[in-house]
Amino acid sequence: MRIGFASDIHRLVYGRKLMLGGVNVPHFLGELAHSDGDVVYHAVAESILGALAAGDLGTHFPDSDKKTEGMDSSVIMDYVYKLMNERGYEINNLDVSIYLEEPKLKNYKNEMKANIAKLLHTNEENVSVKAGTNESLDAVGQRLAVKADCIVMLKDIERN
């Protein structure tokens, strides 16, 4: 078993989409980022990289690379899945927490869960997606940012 943890945070701005777990959530603000800014996919991917001791997202997808500008973050998820699989691991379970004051995400969490499970070739029962607010505290609470945390446990494919 291997465990990884990661956080991702992006500033919210006008004129960008709010992408969370592969879902375009209707809102007047979206993430400011080099890619599409999907903090959920970024936290999930980086937690897997951490579990594999394979560096961080910036190592694999530097924000100075013009080829990744505006990139769909599902590409990152595909990349970390292949790396995880090549190294002989699969998802045991992962738990994602999203922090955002508005909009409420209850109607989108199941779709996010399904998207993550599909991209990581695992059962939905191995994926948890939760959402909450920061009770008006810090940049998230002031509606200036969206944040996601993810913890993942990988298991060795050959031992299962």
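How exposed is Lys130, given as a relative accessible area? Lys130 is partly exposed, with a relative accessible area of 35%, where buried means under 20%, exposed means over 50% and partly exposed lies in between, using a 1.4 Å probe and protein chains only.

Before I go on, please keep in mind that this is a predicted model, in which local features need pLDDT of at least 70 and side-chain atom pairs count only at pLDDT 80 or more, while totals for chains, interfaces and linings use all residues. Residues are numbered from 1 along each chain as its sequence is written, and side-chain values use heavy atoms, with hydrogens and water left out.

Now to the partner of Lys130. Its side chain meets that of Asp95 in a salt bridge at 2.6 Å, N to O, a salt bridge being a side-chain nitrogen of Lys or Arg within 4 Å of a carboxyl oxygen of Asp or Glu. This pair links distant parts of the chain, 35 residues apart, with Asp95 in strand β5 and Lys130 in strand β6, residues 127–132; strands are DSSP runs of E, at least two residues long, numbered from the N terminus. Asp95 is also partly exposed, at 26%.

The structure holds 5 salt bridges, and another of them joins the side chains of Lys155 and Glu90 at 3.9 Å, N to O. Because Lys155 lies in strand β7 (residues 145–156) and Glu90 in strand β5 (residues 89–99), this pair ties together parts that are 65 residues apart in sequence.

Lastly, Lys66 and Glu69 meet through their side chains in a salt bridge of 3.6 Å, N to O; Lys66 counts as exposed at 66% relative accessibility, whereas Glu69 is partly exposed at 47%.

How values were computed: Helix = DSSP H or I, 4+ residues; strand = E, 2+ residues; numbered from the N terminus.
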